[in-house]
Each structure stands twice: as C-alpha cells, then as structure tokens.
2 protein chains.
Amino acid sequence: MRTVEEHRAAVLSLVSALPPVTVPLSESLGRVLAADVVAAVDLPGFENSAMDGYAVRAADVAGAAPGSPVFLDVHGDIRAGDTRPHELRAGAAMRIMTGAPMPAGADAVVPVEDSDGGVQRAALTLAPDVGRHVRRQGEDVRVGDVVLRAGATVTPGRLALVAAANVPDVAVAPRPRVVVFSTGDELVPVGLDLEHGQIVDSNGSMLAALIRAAGADLVGVGHLADDVAAWTTLLERMPGQPDLILTTGGVSMGAYDTVKEVLTETGTVDFVKVAMRPGMPQGAGVVGESRTPIITLPGNPVSSFVSFHVFVLPVLRALAGLDPQVPLVEGVAAQSWSSVAGKVEFARVVSDDAGVRLSGGQGSHMLGALAEATHLAVIGEDTTEIRPGDPVHLLPLVGQD
Amino acid sequence: MRTVEEHRAAVLSLVSALPPVTVPLSESLGRVLAADVVAAVDLPGFENSAMDGYAVRAADVAGAAPGSPVFLDVHGDIRAGDTRPHELRAGAAMRIMTGAPMPAGADAVVPVEDSDGGVQRAALTLAPDVGRHVRRQGEDVRVGDVVLRAGATVTPGRLALVAAANVPDVAVAPRPRVVVFSTGDELVPVGLDLEHGQIVDSNGSMLAALIRAAGADLVGVGHLADDVAAWTTLLERMPGQPDLILTTGGVSMGAYDTVKEVLTETGTVDFVKVAMRPGMPQGAGVVGESRTPIITLPGNPVSSFVSFHVFVLPVLRALAGLDPQVPLVEGVAAQSWSSVAGKVEFARVVSDDAGVRLSGGQGSHMLGALAEATHLAVIGEDTTEIRPGDPVHLLPLVGQD
C-alpha cells in the first residue's frame, strides 16, 4: 500500500509547469502574478498639490495668520490635467486644484479654506511651511521600483497600484485546462426523477466547482456509462485539449469497474491502494497519443472531494507553476474522536474560534458533513485517538472565503 | 459636517433590495442563498452497500472467520445502477457492488477482501453484525430536510450536497448592476504615454475590481472629460440600466468640479462633508427619469477606495438583500500611530498573527500602502493616539481571500 506522500509524488511526476500567460490588468483580479511588476512611472508622476488652494512661495506669506491676512495677486489658475509649463512670479500666487502640477518657483500650497477665495487678488490667512500640501514626485513609488512580487495574488488594491504605475498587462499563473468525467450506470443528472437504485451525479457538479474554485478552467464535463467501447474511443481523442483528465468512480474492487478495466489495458495508468481514509483506491497515469495526465478518483463523493484536495489540487498548482503544497494550518481539537490506525485520516471538520470539531457523520457517502466542513483534519497513521486540546493539522478547503 | 453613520444611512435610504434570482446549481458557486434549500430525495435514496462484496443474512454467516470460512451459493450480481427488484434467498449470497441497492432479505455485507471472490459459490471468512457495511435510506438527509439555510454562501461542498439532494436550481442574492465613471481631464488610460500633469486613470480599474469582488456586475465603465454638456446628456439617458451609478472625482472644493456642478443643478443630489479621513467630500442622490441612485466618490484613489468600503459596499449588500453592515473584526495594535481628532480615520493596515500595523504611508495619494493593506482600521473621532496593545476595530477589505 502506498503512502499519501508516495502517491502525491507519483501524480506530481506526471506534470510540469505550463508557461505563464499575459493578461490585461482588467482581467487579472484574483490571479497569481508569475513575474514581478515594475513601475513604468514615478508616483506621483510630478510635483502636485494635495489641496484646492493657492500655490505660493512660503516666504511670501510668512506673516499670514487669521485676522492678519497677506494679500497676493493671483496670476491665473492651474487645474488638474493642465499640461502647460507654469512659473510662479515672486510675490504672486496661482490658484491650484488638487492633483494639479505645481508651478515652477512655488514651494507650498495655502488651502482655499485659509483664504477669501479671491480670483484676481487673494487674502491668505495661513503661513505654510516649505513643502506644505505639496506631493513630491516619486515619494510613493519610483520608476523601476518593483511594486508587486511574483507570487502575489491580485487584489483590488494591488490592481490600483499596478494601474497607477502605468502597467497595462501582467504575467500571471496559467489556468490549467481540466476535463471531468463521472462514471457509473447508476448516475442521473440533477433534477430528474430517480428510479430505485439510481442516484444523482453530484460528483460532476462538485468537481466542476472545485476546479473553478482552485483557479483552473473546466473545459469539459460529462457522464459516461460503463461502456468499454465508449471509453476507449474517448481516451483516443479527448476533446478540449486538456492539461489534466479527472474521472470519478469505477476504480475500486468491484466486478464492473469500467474505468479500471479500460485504463489497465492501456498500460500507462497505475491503480493503487493508498493508506488513507477516505480515498484508498486511486489511479494515475497518462492516456492517448498526447499522453495527457489522468487521475482517477473514487466514486464516493466524500472520497472524491478528499482526493481532490490531497492529489488534484497539488497537480493543478504545479501545472500553474505554483508550490504544489498548500500550507497546513494549525488548530486545537475541541472534542474527542477516534481515527483508524495504519492510514492517514482526512476528517471533515469545522475549525473556528471554538476549536476543531467534526462537521458531522464521517461516512464516505455523508454529504451533510462535507457541506459544513471548513477544513480537512489530517490525522497521522499512528494516531488512533484525538482528545480535546490536542493540536490538529488542518488542510484548508478550496472555495471557502 | 455629517457623521459617517449619518451619511451611510443617507446612501442606504436611496436603495431597496432587488428580488432574488434563480440560477442553475452549476452557476451558484460563491453566491449567497436567498432561500432555504430543501432536499427533494432521501440521502442515501435507498438501502445500499458501502463495500464491494456479498450481500448476506448475517445469521447465515454467523460462524465465519479467517481459516474457517462459511460457503454460500452466489445467486447473481447487483451492480450500482441496477434498478430491478432483488430478493436474497435464505442461505445464499449475492455479489454486490459499492452503492448498489441491497436485495430484500439481506441485512449485512461481507467485503470481497474477506472472501475468496467466488462467483458461483463463495467462501466467506467474516461474520458481520446486522447492518454492517449497509447504508440506511435517509441516514444522512431526509426528503424535506432543510439542507442549507438562506444566507449561506455556496461552496463546492455545499454544492455537492444540493446536487445530491436533487435540487437543480437555487434562489440566490442578485448581483446589482453598477456603472462607473471616472472624471477629470488629467486622467489617461493605463498604458499610454503621460504628458507632464497627466496621471493614469487607476480609479476606474480599481472600482471595477472592487465591484466584481463585492459580487456585483459592472455593466459600464468609462472616463468622462470635465464637460458639462456631456455629463448632462449622459445622466438623462444612462446606459446599462444600472441599479447604482458611481463617479470618482470632481466633487471637492475646486473651481472645476464638473460632477458637482452638473449634479447640483439637478437638485436631487446632495454634496456634503463627512467627518472622516480620507474621504471627506461625498455626494449621493438620484438622477435621471429612472431616479437611479448615484454615489459620487472623491478622486484620490485612496479616498475612493475607503469610500467604497464605507458607503458603496453597504449599498451593494442592501441591493442584494443582505445585511448592509459587514461585521468588523477585532485586532490588537502592534505599533503606535497618531490619528486626527474630530474625524473617523480609516487607516490602511496589515492585520495578521503579528498584530495590526500601518501598511505604509497614509497620504490619500499613497497607493503603495493600499496595495498591501488587508483591512481598514476604524479609529474613532475621539482617539488621537493608538498605542501597541490597544484593541483596534478592523473592516475587512473585499477581494482579500
């Protein structure tokens, strides 16, 4: 029986990083930068006013105060967006708007609130220090500065910085292309009437959601009956040029495990038992002329969900050029539960300020507990009992914001 | 001068909740449920096997053990998806696959691992308890059970549960439709060469990202020169049938504040000062025949970003039928900083296990600090000094996962 680490290494050996892609900044929200972003301009790009008011030489209004104004002639207006060169004459002021370029010779701004608002001649009642209400060129960012590092996720605030730095496109981690096929004659699409013995194909919907939440592109999703000829044809010519194929079901020890039957014949896919619960029956390899990586997940929805987080998510991250391992976080058990010896157990748990608790029944068909889980608790193969207060390693679930 | 709470109440008074929308389950990921979800089927839907093996009457294999097998005739196979009725004869076994319906009369399953795998006659080496490896109908969920409550966000695990409960469509909070116009003659689209005095229009990109991250739909984004006629025409016939119009810039005390000039004339928009920093100049009201709500944000990117979180986000949430107030979280200051008296200060901070620190320079033109911030620290108007160890109220930023 393989260990979890051995099987994860095996699936990771099937893939290598896809090249980064360049996207317009407007499409970069939520994506991971694949290269540093370097400012194309200074921020601010030029010395400008932080207030609506009057650009002055500080020395010219040195004595101004409320009740004893200094009067200056106003030699024109400078508004934001004014691209003309201006020069402030000694002993004069110019009206200036927030963000407008400072005229040559001026070294401070008197806010309009500290004036009579005069247009031809203004009474100023404040004596600003040199540099007051003036934003210096490059005081926030210098042209050539690295403003964001590779590996950063693009948030609205970061996007604003990149835009202001006049960088219209960014290199980001690619979205791997994934196809998903659920298998099993018992599966029926959601919303139809069920005959006795049939169940809804929830795996397809669930994996589609997990793939999207993990930042990959779902380029095909379907259900395939347990039909050897159909499977064989499909594998020869897989639509959608996927980087990864996922299947669910048909891989355990049963007599009608079509996926296993077909893929065993290709000779390029290994079916193994992994010392974990749930999710013991696993398969991985490559198929077709393109030697596309394939991971075969168990058919139980909970096993499939756990296997996605343990094996598929690292593969998607590796394809995207990211560190395959999602860092574990630490929690503290708030209840006791038992765990099987000899296997790593991935318990569905809720972890919050009240500690770590099982989120419900732990059967591999129990979807109620899956729905409320926030993490998978990773319980080592030598641990058979969790007690309140014990530290617990937690794998965060994708799509939990 | 208005308080933050007064102005928030004023903008919230402009909107009421839009009706929920029904979407296919496949499009529900990340959305907020607007109604409880009720199971349409039992889960499991029928008594079925948890293992590949043999369906038996437990009493028939009572003495079985490794080394002393019980031999039973095998009366056929039941595979997953078999919709025929089956009955197990006394003293016999049926091969059964994981997920397949239990035959009438059987009350336990012997896993194939505890057998010789016989097809006509099987040697069984395990004596299961009644019910062993049998999943009972409805043991996870009963038809009619509420499986998810209104207000829950749809995660991959929840989506799996809803699919399995055979519910193909769900009612979710609507996405408000928003248009954004940045104003100011000094603004240039990202990626073009800048003349002296021009800056990149980062507000448009930033607000587009904030709107998407907040779960709303951006139905129009543009830049408008400081041109009264163009503004007047636009307001009369706003494209995109928005639920909310946002503008940035042109609302402070300057002589060329076109937004303020045009909207003041309509008589339906109030321009006010709010006792906050940054973000003092605010405006809100309705425009056009459709009386579409409009919020005018300051032109400084940081002021605009803060105003979005303080006023626009609550409005978007109210439009979506959600509680307008995003809950504050609590942090502990890890450094000291001063805050202005008489105004609520929204400091850009990083909050993590090391405590709350300013994320950089706090000028309203400082985008570097905005890019790395995780929260806004809400510093009350009576607080002028934050010291290490002080509790700090934090507003989470949207789009930080």
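Two strands count as paired if DSSP finds at least two bridges between them, and strands (E, at least two residues) and helices (H or I, at least four) are DSSP runs, numbered from the N terminus. With that in hand, look at A:Val70, which stands opposite A:Leu124 in β8(A). Strand β5 (residues 70-78) of chain A runs antiparallel to β8(A), and the two pair over four bridges.

Some ground rules before going on. This is a predicted model, where local features need pLDDT of at least 70 and side-chain atom pairs count only at pLDDT 80 or more, while totals for chains, interfaces and linings use all residues. Residues are numbered from 1 along each chain as its sequence is written, chains are lettered from A and ligands numbered from 1 in the order in which they are written, and side-chain values use heavy atoms, with hydrogens and water left out.

Back to the sheet. In chain A, β5 and β8 belong to an open sheet of five strands, ordered β7-β4-β6-β5-β8 with mixed pairing. The edges are taken by β7 (108-111) and β8 (121-124) of chain A, each with a single partner strand, so one side of each has no neighbour in the sheet. On average, neighbouring strands here are turned by 40° against each other, direction ignored; the axes are lines fitted to C-alpha atoms (for helices over the stretch in contact), with angles from 0 to 180 degrees between N-to-C directions.

Zooming out, chain A splits into domain 1 (4-18 + 174-319), domain 2 (21-43 + 139-172), domain 3 (48-135) and domain 4 (329-396), with bounds from an automatic or database domain assignment. Taken over C-alpha atoms, the centres of domain 3 and domain 4 of chain A are 66 Å apart.

Is A:Ser182 buried or exposed? A:Ser182 is buried, at 0% relative accessible area (buried means under 20%, exposed over 50%, partly exposed in between, with a 1.4 Å probe and protein chains only). Leaving out residues up to four places away in sequence, A:Ser182 touches several others, among them A:Asp201, A:His223 and A:Thr248, contact meaning heavy atoms within 4.5 Å.

Over in chain B, nine of the nine residues of helix α2 (residues 156-164) are buried, so the helix is largely enclosed by the rest of the structure. Just after α2(B), B:Asn166 takes a positive phi of about 65°.

Finally, the pair. Chain A superposes on chain B by a rotation of 180° with 0.0 Å of shift along its axis (RMSD 0.1 Å), fitted by least squares on C-alpha atoms of residues with pLDDT of at least 70 in both. The two copies are thus related as by a two-fold rotation axis.
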